[in-house]
Amino acid sequence: MRPVTPTANATAATEARAPAPLELGSARVGVVVPAYKVAAHIEQVIRGVPRAITSIIVVEDKSPDDTAAIVERLGDPRVTLIRHAVNQGVGGAMASGFAEALRQELDIVVKMDGDDQMDPAHLPAILAPLLAGEADMVKCNRYSSLKSLQQMPFVRLVGNAGLTFLVKLASGYWNTFDPANGYVAIRTSVLEKIELSRLPKRYFFESGFLIELGILRAVVRDVPIRARYGDEVSNLSITKVLFEFPPRLLWGFVRRLFWRYFVHDFTALSVFVLCGVPLLLFGVFRYGWYLAHRVDDGTTAPAGDVMAVALPIILGVQFLLQAIVLDVSLVPRNPISSPLTRAGSSGSAR
């Protein structure tokens, strides 16, 4: 294949934002690019990936434009092009890309979207905790400064703020922010512990991925970046966030509690949940029964009836609040992946 000579504008844009040289040692790092309707941006994304990155896995997710043709014309030897016969969404594209990264025996894989929102200049800061063995996954945080917040569209700002708390609760990563940000890097040794087919196929991918990592107790670290938006159009609607995300986050929360605190371990938090949930449900049920059967004769409810309703609710809430406090204190801090072999050593550790 013959490489395409980029236009003057594309060359100038690439040079203007050329990332700093990466010091990767002996680590093999790859990039997965889910590509759907990104023909206008994909060339700039691929050309912007530093030469130190040994592999670029582009997953063309049944895109109706000429995204795949542009990738093929570039002729970059680092690129592996995967084409889906049926559109599977960002989660399905990432599952295919992750599987290819495991096949290529990469040490670290970075997710960079094909719409050119994710600046490769941030790669040194993103990869540093993984190379140093301080984290299993690193994700970017656009809420790091007031200037970054001012650059973010208002609708995304409000939506992400509300979504953040729910994802924290579901995943257990109370130390992270901006869960909808898909600019992430992860050790492939952690991916090997995840059943990739279980990952959410579409826009719930980022949140569902954090929940799976929370079950594994992988260490996730935030890296502050600047928000950057161009002429791309988001396909994620507010309706999807409001009506589809909460029930899926609730199910993810239940799964995480079950596996982390009743299967993999049993702690004081487990006891608080076992006591708090029945007490709260009993109190609420008792109150509903009382309202349905009480006779409105103008008299005050007996103290015993009030206590029979109020005490279980108060105790249940207190138990569950203490469980949340313990959950916050139990955020994973010890990486589950083995340290990478540094430059000068023979081979690399997965």
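Arg260 is found in helix H10 (residues 238-263) of a predicted model. Helices (H or I, at least four residues) and strands (E, at least two) are DSSP runs, numbered from the N terminus. Residues are numbered from 1 along each chain as its sequence is written, and side-chain values use heavy atoms, with hydrogens and water left out. Because the model is predicted, local features need pLDDT of at least 70 and side-chain atom pairs count only at pLDDT 80 or more, while totals for chains, interfaces and linings use all residues.

Arg260 is buried (under 20% relative accessible area, with exposed being over 50% and partly exposed in between; 1.4 Å probe, protein chains only). Arg260 has no salt bridge, defined as a side-chain nitrogen of Lys or Arg within 4 Å of a carboxyl oxygen of Asp or Glu. The nearest side chain of opposite charge, that of Asp327, is 4.4 Å away; Lys and Arg count as positive and Asp and Glu as negative, with His and the chain ends not counted. Residues up to four places away in sequence aside, Arg260 has contacts (heavy atoms within 4.5 Å) that include Ser171, Arg217, Asp265 and Asp327.

An open sheet of 7 strands has the order E3-E2-E1-E4-E6-E5-E7, with mixed pairing; two strands pair if DSSP finds at least two bridges between them. Strand E3 (79-83) and strand E7 (220-224) stand at the edges with a single partner strand each, so one side of each lacks a neighbour in the sheet. Neighbouring strands are turned by 20° against each other on average, direction ignored. Strand E1 (residues 29-35) runs parallel to strand E4 (residues 108-111), joined by 4 bridges, and Gly30 stands opposite Val109 in E4. Helix H9 (residues 205-216) lies across E4, strand E5 (137-141), strand E6 (184-187) and E7, at about 140° to E5. Axes are lines fitted to C-alpha atoms, for helices over the stretch in contact, and angles run from 0 to 180 degrees between N-to-C directions.

The structure holds 8 aromatic pairs. Rings of Phe, Tyr and Trp (its six-membered ring) pair if their centres lie within 6.5 Å; planes under 30 degrees apart count as stacked, over 60 as edge-to-face and the rest as tilted. Phe262 and Phe266 form an edge-to-face pair, 6.0 Å centre to centre with 75° between the planes. Phe262 is partly exposed at 30% relative accessible area, and Phe266 is partly exposed at 49%. Ring pairs also link Phe98, Phe205 and Phe209 into a cluster.
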